[in-house]
Amino acid sequence: MDAANEMPSFGNNAQIDDYGDEPAYLGPCTRCVLFTLENEVYGIQVKKIREVLRVGNIRNVAGAAYGVLGVINVRGVIVTVADSRSMYNMPSREIDDLSRIIIVELDEERTVGLLVDFVMEVKDIPDDKIEPLSASKEGASRYIQGIAHFQDNVIILIDVEHMFAGIE
Amino acid sequence: MDEEILQDFLVEAADLVDQLNDQLVDLENSPTDSDLLNAVFRGFHTIKGGAGFLAITPLIEVCHRAENVFDKIRNGDVAYDEVAVEVILRAFDVISESMEQLNDGARELPENDPQLLIDLDALTGKKVEKPVLNASNSTESALQLAEGADPDGDMSDEEFEALLNQRDSSGSAKNDSAILSLPEGVDPDGDMTDEEFDALLNQRDTSGSASSDSAALSLPEGVDPDGDMTDEEFDALLNQRDTSKLVPKIAPSPVPKISSPPPKAPPKPSPKATPKPSENNKAKPVTKNTTESTVRVDTKRLDDIMNLVGELVLVRNRLLTLKGKNTDPEDLANAVANLDHVTTDLQASVLKTRMQPVKKVFGRFPRVVRDLARKLGKKIELKLEGEETDLDKNLVEALADPLVHLVRNSVDHGIEMPDIRAAAGKPETGTVVLAAKQEGDHILLSITDDGKGMDPDVLRQKAVEKGMMDEQAASQLDDKSAFELILSAGFSTAEQVSDISGRGVGMDVVKTMIAKLNGSIDIDSALGEGSKISIRVPLTLAILPTLMVGFNEDSYAIPLTSVQEIFDFNSEKTNKIDGQMMVRFRDESVPLYFLNEWLASDKPKDNYKGDKVVIVAVGNQRAGLVVNQVNGQEEVVIKPLGVMLKDATGYAGATITGNGSIALILDLPGVVERFQ
């Protein structure tokens, strides 16, 4: 999958061409899963993601840290689910049919589920469209790796490593 | 350094170090046991061999010298006396520390303490000095020559000639050192050449002390099983031959024999022609210990597991074919029953791969007790029972620390000084028994001493002094509860705090750790007769029998070992004391914790009618947990809670119940802490 991230295939470019307003691009890309929160588009690198699940039963855990919704059973492994909204200080929202849990693999041993409003698609974002965000900014921006202006969308790329940094 | 070889070496050497640890302490009690001496010699020799292969010089230096010392000891040249014991134990500690450092990733070891090497040499030196005093000069010159020879290469013919000439000229030299001198000059790792062998035979002949009674020589057990005889071994063999006149049965073990060639016409036997001592392989322990992260599993067990997995696949296929069709309920029931069998067997087989003998923990205690006893000037015998009892790998590791605390306590506080024991009419030597046995799905560990025991009155008084309870409460404690006071934090009756024990911290730690393992502690003591501390822990940490309790939809699992009784909540039987709800339970006031206040704090309740009270034992106290419903028993597989939840106290993990939902496993000490 890593190789695919760095080497855009012609198939992907054809897809980009479909939009018509972007020229064919052959440079390095980052493949991302795009999802929405409060009508904003966010992206997480595909190589960090194991799978995307429909929301099943989330078992609440009394006394858990802020933002933790509970735990779910992913084929016999207990995975903690965090609400991505609370990570960005947004009010939480009822879970509906479009809600999804993105299973993020931080490393071999640590896996976290991230509840999002709606998962859009998987897309290759050209690296030269990504503006890195300086890490010095305050507040919520500490989880943001960069912002991509791409195909009329502003995509906020999430730095999951940072988002769950320090958790054990 | 080849990492793979190093790892192999570390695993093997760790076994040897463990064995040596035992053997050295045993040896102190029976310093002339030749089997034991040979075993120790072999241990050092094998470690040296491995270290030599990896060129770990400091380790080689120590092992080589220790090996030399034991070579002398087993030949009866040096006694394993107190001085030797101290030096050898120091050397052993250096070796075992080196192993730890290598295990921790160090690849370069610090230089050895020169004093240790000197002391070790001094032990063997005793032997060298004696012949110098009463032997002819030629002996010394022979020694010098040997030392001058290239230590890495084979001995050249010239050197050899010279040695032989010297030897001949010495004429009547009879002491062993002249014979010993030859091998020291030759490559310790290389094969012995025919010339060298020849020379040795000649030496033997010329030494004049050769006699026909040494026709059959025992090959020392340290012989390299690969078949090449090293010089040391050969040397030892020769020594044996010489000393065999004095001590005819120095090596009684039935090892392969080589016939001594007839005098004067040696047929140049190659050392490789000696029978391979295959028995040596058997001498190694069957159960290999492990490094931290790996487990050695018998191939047969793996085969069993593989076989069961095959069965599992068959059952799956069977179920898949049954799916969707107009299934005969009986077929389905058969398939499910089969699945039940296979998974149960598989579970048991996989669990077995995690089991290790409790010997792994016990092995360290002979040395601990020995050192402590010497330090305190006590005489103590440690008996180990049930060492072969199998225990989950994680438990083996987790139990080590608590047991060390308890054994130290027994030695320090339990066993009296020899004169006091004698005055009390007891044997001077105290006995500490460390025992393990399996009881159903539990392991029972006990530490028994025949020391002074505990005085419940002193304990009660101490509790009052420490402000833990008032006098009246203390006087109402029965003896058993009084003994359990020693498990409380900060409680110590020792008049003096030593660096061994007495700070009143250890037992508290023991209690906490045992509680973490879902175990329990029982203390029994008779004043003047001794104490017995028993620890019960479940056989495995992976599978836990639990009591399922529920709040509305959510279920929670309480470790069944802690559950003592369940009864209906009855508000008339409760009373509020100092803001804490209590319930009478068997003439005891037990605090009540309303779990819903914590687990369902968003839905406060004011009527607990119909709820149940689950009485649980937490450490040495009881607590009543008020729950909505009790759903019954279930064996659960403990799974760790995910990330971000490690800080949430009160949970030991999570599990997936029969219907696929998640139940949280309560960690009772954590729960009690939450409510206090």
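Which residue in E17(B) is the bridge partner of B:Tyr593? The points below cover this and the surroundings.

1. **Basis.** This is a predicted model, in which local features need pLDDT of at least 70, side-chain atom pairs count only at pLDDT 80 or more, and totals for chains, interfaces and linings use all residues. Residues are numbered from 1 along each chain as its sequence is written, while chains are lettered from A and ligands numbered from 1 in the order in which they are written.

2. **Chain B overall.** Chain B holds 23 helices and 20 strands. These are DSSP runs numbered from the N terminus (helices: H or I, at least four residues; strands: E, at least two). Of its 676 residues, 34% are buried. Buried requires 20 or more other C-beta atoms within 10 Å of the residue's own, with C-beta atoms placed from the backbone.

3. **Helix H3(B).** This helix covers residues 57–74. Its 18 residues reach 25 Å from first C-alpha to last, close to the expected 26 Å. That expectation is 1.5 Å times one less than the number of residues. H3(B) is mostly covered, with 15 of its 18 residues buried. B:Gly76 follows H3(B) and has a positive phi, near 80°.

4. **Strand E17(B).** Residues 621–627 form this strand. Five of its seven residues are buried. E15(B), residues 589–594, pairs with E17(B) in the parallel sense over three bridges. Pairing requires at least two DSSP bridges between the strands. The partner of B:Tyr593 is B:Leu625.

5. **The antiparallel partner.** E16(B), residues 612–618, runs antiparallel to E17(B), joined by seven bridges. Here B:Val616 has B:Ala623 in E17(B) as its bridge partner.

Technical notes
Buried ≥ 20, exposed ≤ 12 C-beta atoms within 10 Å, placed from the backbone.
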